[in-house]
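Reader: I have a model open. How do I read the contacts around a residue, the cores and the helix packing?

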Amino acid sequence: MSKRPSKPGNNSGFMPPRPGFAARPTVGLPPSAYGAGATVQVPGVGQGAGFRMKPPAPSPAEILAALQAAAGHYSARRFREASQILEKILSLQPNNPDALHLTGLLAQDTGKLAQAEELIALAVKAARAPSPNMLVNLGNAQREQGKLDECMAAYDKALAIDPTYVDGYINRGTAWRYKEDYKAAVADFEKAIELRPDLPVPYLRAAHGLTEIGLYREALSYCDKALEKLPSPPSSIYSLMADLHERLTELDEAVACADRALAIDPNDGEAVRLRARAMRRLHPKDRSVLVDARNRLAAVDLTNRPFEHKRGLEQELAETCDRLDDVDAAFHHYGRMNEFAAEEADIIGVDRKAYFLQVERLLEFATPEKIASWTALPALGVEAGHRGPPVFLVGFPRSGTTLLDQICDAHPDIQVLEEKILIRKSVDAASKLEGGYPACLPSLTGSQRQGLRSVYWQALASEGGDVASKFVIDKMPLSLIHSGLIARAFPEAKIILALRHPADCVLSCFMQNFRLNGSMVNFLTLEGAAHLYDRVMTLWQQYRALLPLNVVEVRYENLIRDLRGEVEPVLDFLGLPWNEAQADPAAHALARGTIRTPSYAQVTQPIYSSAADRWRRYQKHLEPVLPILEKHIKYFGYTL
């Protein structure tokens with residue numbers, strides 16, 4: 001199984017990764033330090049085979065020929081042959097910048113990111129005048145390790161040397177995406193388009209950046225520009241258009257774009273996946289459509305595909321098998337999806353323990369003794385100029401929070417901010433106080449509390465929160481773990497807790513192709529998902545027992561049976577009347593257009609009951625983790 005992620009600068013229509021996805025070095029091959037920095041030309045595949053170093057001292061021309069041979073092997077992915085030649089060169093010239101550079105690229109391609117950074121940094125130091133290409137590859141190795149400030153410095157140096165170096169803008173734009181500065185990212189991609197309007201990559205990168213923040217129409221405009229400017233648009237442009245139309249629930253258009261992509265490249269796996277997904281949504285009960293989709297998906301060769309594509313294909317194959325009631329096959333493909341995700345997480349260095357340990361630390365502070373030590377602070381009412389108190393919609397992932405957020409957002413007096421980094425800003429600010437977070441909470445002063453509140457209000461305003469005229473609901477499910485800080489800094493807050501059968505939550509998390517981060521990486525196995533559920537919901541139960549939280553519960557199972565009956569208590573909780581627009585969340589979701597969570601396909605269709613008690617179909621696969629969940633099943637009033 002290949003561990004090679006895809007190359008960000010290959011100018012071939014590559015579909016770029018989401019932030020957190022490890023990308024390969026830029027396509028350029030190493031420059032030569034010989035002949036005043038002349039660029040090594042890449043030979044044809046196989047050219048230079050049989051090269052032998054002539055003792056005792058090879059000439060510069062022979063070294064250059066050896067480098068070209070190694071570059072040819074690297075380009076053809078014959079890494080062993082390339083490595084053997086480079087070892088010979090470095091045994092004779094340990095500071096040869098081109099050999100160090102290319103050896104660094106080999107290390108990067110095999111997931112040895114720290115080694116890659118070290119080797120390319122040595123190449124930069126050894127070069128008489130490091131090329132922009134070398135500096136960009138140094139930046140890429142740093143970016144893949146999360147060293148975003150360092151990689152930005154490398155890209156800036158590359159572009160200072162050559163302000164027309166397109167790969168510099170493409171890769172710096174990708175780093176801006178990792179930093180979640182999408183305005184800066186799009187500006188760099190625009191510059192790349194200006195310099196090389198004939199290259200697909202910057203159009204694709206700009207469109208993907210906009211997709212990540214839910215600007216699907218704007219992303220489509222970059223695809224339209226690509227079709228206008230590119231003489232031969234690659235299939236990936238049409239695949240991305242299929243993705244965007246599918247997200248916008250324009251399913252016929254999605255199928256048409258996928259078919260266009262497959263007409264260009266029948267092996268475009270993303271097009272196969274997106275066509276299957278759109279057809280499944282168009283014809284959810286047509287067995288012949290599902291069987292055809294399954295056959296097409298199973299025929300895709302996953303060799304050397306980006307991890308993101310492998311994961312997506314396995315997930316769609318699993319969903320299709322589930323619809324065909326082949327539960328064992330579906331579970332197998334969900335497992336394969338998570339195996340690819342685990343492999344990717346290891347390469348990009350996602351810490352699988354950090355989030356779990358964070359929850360454990362919070363549990364240590366959510367005890368009767370610790371909370372009894374909290375100094376008294378004055379009660380607070382609604383903030384001046386705000387219509388209502390802060391409202392937090394929380395719950396374990398896959399508890400129905402997206403459906404509930406659509407129902408709430410349909411009310412004219414409610415605005416839901418969907419999965420924005422808001423309370424985490426206050427957490428970060430608390431971490432800088434004496435003792436850090438959560439140790440600072442017991443001795444929090446009034447002025448410190450006001451500081452944490454101000455940070456939150458600023459974050460809310462920056463995301464367009466209309467606190468003056470609406471009840472603003474901050475929907476971020478796992479903000480649940482920060483309920484202690486919410487109670488301390490926002491004693492007037494209202495919390496809406498979304499609940500679902502614990503077994504369904506855990507199974508659904510295992511089945512979901514989440515972005516890889518410290519929390520979501522726990523869902524790559526059923527055991528990991530169950531253990532995280534146990535710790536998170538144990539923490540919640542301790543908060544409920546010890547803190548004066550103002551909470552209303554919404555159960556997913558009740559919501560899909562009696563929407564109004566389950567939602568009206570939430571409205572009473574906020575002091576609002578029922579509004580008929582809330583009765584049709586699918587219509588609201590379609591009108592809203594932008595839904596950034598993985599549940600976008602579900603909430604744009606009429607409410608259905610098939611997801612309730614879905615775990616029972618997979619019960620034999622869940623048996624090992626049910627003992628972990630049993631106490632929570634009983635606590636929340638569910639049954640086995």
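Predicted model: local features only at pLDDT ≥ 70, side-chain atom pairs only at ≥ 80, totals over all residues.

Reader: Where is Leu86 placed?

Author: Leu86 belongs to helix 2 (residues 79-92).

Reader: Is Leu86 buried or exposed?

Author: Its relative accessible area is 2%. The cut-off for buried is under 20%, so Leu86 is buried.

Reader: Next, the cores. Which residues touch the most other members of the largest nonpolar core?

Author: Phe396, Val536, Met537, Trp540 and Tyr618 do, in a core of 77 residues. Helix 24 (residues 526-546) supplies the largest share, ten residues. Apart from this core lies another, of 48 residues, including Ala185 and Val300.

Reader: What does Tyr618 touch, not counting residues up to four places away in sequence?

Author: Asp322, Val327, Ala330, Phe331, Tyr334, Leu507 and Met511.

Reader: And helix packing?

Author: Two packed helices are described by the angle between their axes and the distance between the axes. Here, the axes of helix 17 (residues 354-365) and helix 24 come within 10 Å and cross at roughly 25°. Angles under 35 degrees count as roughly parallel, so helix 17 is roughly parallel to helix 24. Their crossing is left-handed.

Reader: Which residues make the contact?

Author: Among them are Tyr355, Phe356 and Val359 of helix 17, and Leu532, Arg535 and Val536 of helix 24. The residues of this contact divide into nine nonpolar, three polar and two charged.

How values were computed: Residues numbered from 1 in each chain as written. Heavy atoms only, no water. Core = buried A, V, L, I, M, F, W, Y, C linked by side-chain atoms within 4.5 Å. Buried < 20%, exposed > 50% of the residue type's maximum accessible area, 1.4 Å probe, protein only. Helix = DSSP H or I, 4+ residues; strand = E, 2+ residues; numbered from the N terminus. Contact = heavy atoms within 4.5 Å. Axes fitted to C-alpha atoms, helices over the stretch in contact; angles between N-to-C directions. Parallel < 35°, antiparallel > 145°, perpendicular 65-115°, else oblique. Left-handed = near helix turned anticlockwise from the far one by under 90°. Nonpolar A, V, L, I, M, F, W, Y, C, P; charged D, E, K, R; others polar.
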